[in-house]
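Work through these exercises with the model open in a viewer. Each task is followed by a worked solution.

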Amino acid sequence: MDGYKEGISKDELLKMMAKGPAHIFDVRTPAEVAEKGKIEGSINIPVDEVLDALNLDPEAFRKKYNAEKPKPEAENLVFHCQKGMRGNKATQTAISLGYTRARNLIGGYGDWASK
């Protein structure tokens with residue numbers, strides 16, 4: 001895991017997305033997503049639901065979120081909120097469940113949308 005870090009910049013995320021599908025989870029509330037917008041292709045799982053979501057079996061995850069559940073070894077797993085705090089909490093939750101390469105978008109959606 002040389003070079004691995006828990007944070008990912010907007011530029012790094014853009015490069016990841018250009019290489020292929022990424023698992024991007026927006027951990028803000030549905031109201032925040034509706035009001036402020038979202039990263040294209042991201043899935044909204046509020047931060048308080050992340051633990052339960054990642055504990056679902058793949059079929060239940062697919063049914064609930066209409067998305068493929070990431071594998072624990074996934075390198076393209078990114079969480080974000082508006083500024084970074086909830087995204088970091090979600091990332092730490094994922095890491096505690098064995099998603100050892102999960103990352104938090106540095107600066108959150110606010111940084112993503114502002115540049």
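The exercises below cover ring pairs, charges over rings and salt bridges in this predicted model.

**Exercise 1.** Classify the aromatic pair formed by F61 and Y65.

*Solution.* 
- Step 1: The ring centres of F61 and Y65 are 5.0 Å apart. The cut-off for a pair is within 6.5 Å.
- Step 2: The planes of F61 and Y65 make an angle of 50°. Stacked needs under 30 degrees and edge-to-face over 60, so the F61 and Y65 pair is tilted.
- Step 3: F61 and Y65 sit in helix 4 (residues 58–65), 4 residues apart, or about one turn of the helix. Both F61 and Y65 are buried.
- Step 4: Widen the view. F25, F61, Y65 and F79 are linked into a cluster by ring pairs.

**Exercise 2.** Find what the side chain of R28 contacts.

*Solution.* 
- Step 1: Look for a ring. The charged end of R28 lies over the ring of Y109, 4.5 Å from its centre.
- Step 2: R28 forms a salt bridge with D26, with 2.6 Å between the closest N and O atoms.
- Step 3: Check burial. R28 and D26 are both buried.

**Exercise 3.** Describe the salt bridge between R86 and E32 and the exposure of each partner.

*Solution.* 
- Step 1: The N to O distance is 2.7 Å.
- Step 2: R86 belongs to helix 5 (residues 85–96) and E32 to helix 2 (residues 30–36); the pair links distant parts of the chain, 54 residues apart.
- Step 3: R86 has a relative accessible area of 27%, so R86 is partly exposed. E32 counts as buried because its relative accessibility is 15%.

Technical notes:
Residues are numbered from 1 along each chain as its sequence is written. This is a predicted model: local features need pLDDT of at least 70, side-chain atom pairs count only at pLDDT 80 or more; totals for chains, interfaces and linings use all residues. Side-chain values use heavy atoms; hydrogens and water are left out. Rings of Phe, Tyr and Trp (its six-membered ring) pair if their centres lie within 6.5 Å; planes under 30 degrees apart count as stacked, over 60 as edge-to-face and the rest as tilted. Helices (H or I, at least four residues) and strands (E, at least two) are DSSP runs, numbered from the N terminus. Buried means under 20% relative accessible area, exposed over 50%, partly exposed in between (1.4 Å probe, protein chains only). A charge sits over a ring if NZ of Lys or CZ of Arg is within 6 Å of the ring centre and within 35 degrees of the ring normal. A salt bridge is a side-chain nitrogen of Lys or Arg within 4 Å of a carboxyl oxygen of Asp or Glu.
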